[in-house]
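Biologist: I would like a close look at one part of this model. Please take me through it step by step.

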Amino acid sequence: MTRGVRPAPMRFVDEFRSGEVARRLADRIAGLTEPARRYKVMEVCGGHTHTIYKHGIEDLLPPEVELVHGPGCPVCVIPMGRQDDAIAIAERPEVIFTTFGDMMRVPATRGSLLDAKARGADVRMVYSPLDALRIARENPDREVVFFAIGFETTAPSTALTLLRARAERVRNFSVFANHVTILPAIRAILRSPDLRLDGFLGPGHVSTVIGVRPYRFIAREHGRPVVVSGFEPLDILQGVYMVLRQLAAGRSEVENQYKRVVPDEGNPAALEVIAETMELRTTFEWRGLGFISQSALKLRDAFADWDAEIRYAVPGVRVADPKACQCGEVLKGVIKPWECKVFGTACTPDRPIGTCMVSSEGACAAYYNYGRLARRAGREPAPA
Amino acid sequence: MSSRSESEVLEAIERRRRRPHYKLLEEHVTLSHGAGGKATHALVETIFARAFDNPLLAPLADAALLAVEGGRLAFSTDASVVTPRFFPGGDIGELSVNGTVNDLAVSGARPLWLSAAFVLEEGLAIAEVVRIAESMAAAARRAGVTIVAGDTKVVERGKADGLYIATTGVGVVPDGLELGPGAIRPGDRVICSGPIGDHGIAIMVARGGLDLEVDLESDTAPVHELAAGLLAAAPGAVRCMRDPTRGGLATVLNELALAAEVAIVLDESALPVRAEVTGACEILGLDPLYVACEGRLAAVVAPAACDAALAALRAVALGEDAGVVGEVRAEPPGMVVLETAFGGSRVVDMLAGDPLPRIC
């Protein structure tokens with residue numbers, strides 16, 4: 001009917017979204033579940049959460065299988081104090097503050113970066129740190145700061161940009177580093193007493209950088225299967241299938257569903273540039289999870305000239321989350337988004353209180369924007 | 001932890017959505033206020049609709065319908081601030097004419113007369129003004145309207161970005177024609193006249209800086225022929241028409257679902273989206289349902305008239321890709337739901353964030 005509009009299937013997209021294959025996989029998943037047993041599988045990455053809601057994947061899973069949303073949303077884990085620091089830098093008159101779009105709407109003590117921009121701060125959205133470096137070259141009389149966030153996925157592009165800034169001697173450019181590492185967060189969740197998980201869908205894009213071996217402690221020390229999974233809906237379903245297959249066989253191993261993208265050993269060149277430019281912080285605050293030791297990266301001393309934290313005296317004050325906000329529990333998977341007291345009432349995507357309601361990868365935003373269908377309330381099985 | 005069940009939480013959210021009570025809490029205008037989503041509604045309804053309060057404005061429709069001796073006039077206005085001013089498939093001048101023409105056309109009117117007001121920045125090349133004026137004249141001829149009044153202001157360098165155009169238009173509404181969300185009934189079909197998201201993606205790529213090479217033109221065009229053809233082919237069966245611009249198809253369908261207190265259920269596999277738009281959206285993390293069109297018509301029609309309506313749209317060159325994209329159901333009221341090609345379903349809500357300012 002839409003003649004000429006979709007002449008051919010889109011390669012690398014449509015084949016991973018086949019409804020027919022999905023139904024077959026769903027049948028096989030259902031065939032692996034034991035009656036009266038409940039399966040809690042955490043998808044670590046916010047990208048997974050987004051896909052799950054966007055394509056309605058929960059509709060295809062048997063009611064015994066519950067997907068628990070994990071901490072891997074880079075926007076969600078930035079604590080309010082850091083966002084305040086970012087806005088303090090952005091409001092300096094000489095600064096052009098560059099950021100990924102998602103961070104623009106994250107609420108801080110005095111509104112968001114978008115509000116700071118409306119008050120006069122020069123805040124610009126970029127898709128890559130290299131765009132920020134280009135803006136620095138084009139504006140030699142201004143100071144350009146890049147708000148670096150993200151897990152190991154985005155850290156290499158920040159690292160490469162730093163190396164290029166040094167090579168080209170761009171002096172009016174600096175990085176406000178907020179890169180975090182995924183493993184300490186998973187460890188913190190495994191130690192959390194209020195959560196029982198049966199297995200993990202490992203983060204696909206982080207693993208393109210760090211590989212699959214670093215997850216072995218989850219399988220070996222904690223006895224939980226890990227399946228590194230991709231981000232298309234069929235990837236997720238296959239990942240769930242592989243986790244359940246391990247559980248059915250009593251195995252706990254690290255498997256790689258996302259082999260078309262993730263090499264087992266990761267990307268040594270990317271790891272090398274991260275190590276050249278950044279080092280672990282002793283400790284870093286995660287929104288809702290508190291301080292986690294050795295869980296974030298800062299610039300090495302050799303890059304002090306490009307370190308916004310050194311260049312600008314930021315307030316650096318730890319700010320408590322708003323009382324009503326339960327992002328921490330959501331990030332740990334302890335509660336579902338709708339179980340938060342302010343979900344959908346005081347906290348909505350257009351007026352968010354917590355970070356989980358801002359990012360498209362945040363569990364609350366994904367659930368609010370895509371998953372809010374009342375009939376799903378009926379698919380919860382009776383507690384086993 | 002909440003003591004409410006999931007269905008109680010969701011029902012509470014829907015109750016709030018169905019009687020939106022917009023609050024404007026910001027102290028300054030932000031770009032979100034211009035995105036066409038919830039923040040725009042808050043701005044318009046709490047400031048302008050309140051200040052100008054009157055029954056003709058109150059529906060906040062694409063055009064106001066004014067009863068005059070011997071018939072009804074449709075009256076509408078539109079401002080264009082797009083950057084860049086020239087883009088693949090069009091320019092700010094053509095866009096400013098089509099924008100008002102389309103608002104009149106989807107209100108059921110035959111567009112007739114336009115006025116144009118220009119805010120020019122000191123230093124703008126005269127040759128560029130000439131090019132834009134010629135483009136507006138051509139767009140007016142294509143749409144069968146005459147530009148009969150205008151105004152020109154010049155501001156100092158730096159006080160405007162090149163030029164902005166505001167157009168206002170008047171059209172005549174045929175006797176007896178009643179369109180509006182109030183007429184929408186469960187079972188009705190939702191029709192879209194062509195692929196969605198072309199304009200938004202074309203502009204985004206034309207801005208540069210993304211290093212994306214996409215062979216795509218804006219769809220800016222007048223939809224008056226589509227609207228007239230549809231009304232002639234399915235008399236009495238067209239419930240409501242809209243032109244999805246800012247905020248995309250998702251936004252206009254949400255407005256209809258809320259106003260009519262019905263559900264609109266979309267079939268993802270039937271949504272017309274060009275591969276170029278799908279690809280760019282995948283890369284940029286956007287949803288084509290929220291990306292702007294500037295020459296499309298969305299209509300809700302009675303099921304019995306659906307085939308005739310489609311035939312009428314496809315008879316016009318601009319509508320050759322017209323198709324049914326969804327249907328109206330009773331439940332859940334006020335919501336747009338997408339049945340995914342993957343076999344699941346999800347909510348399609350109003351836009352909260354702003355993917356990109358100054359697209360129109």
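What distance separates the centres of domain 1 of chain A and domain 2 of chain A, taken over C-alpha atoms? And what do the two domains give to their contact?

Modeller: This is a predicted model, where local features need pLDDT of at least 70, side-chain atom pairs count only at pLDDT 80 or more, and totals for chains, interfaces and linings use all residues. Residues are numbered from 1 along each chain as its sequence is written, while chains are lettered from A and ligands numbered from 1 in the order in which they are written.

Now the domains. Chain A is divided into domain 1 (17-72 + 190-243) and domain 2 (80-181 + 266-311). These bounds come from an automatic or database domain assignment. Taken over C-alpha atoms, the two centres are 31 Å apart.

Next, the contact. Domain 1 of chain A brings 9 residues, and domain 2 of chain A also brings 9. Two residues are in contact if their C-beta atoms, placed from the backbone, lie within 7 Å.

Look at the domain 1 side. Two elements of chain A each give two or more residues there: β2 (65-72) and α8 (204-210). Helices (H or I, at least four residues) and strands (E, at least two) are DSSP runs, numbered from the N terminus. The most comes from α8(A), with 6 residues.
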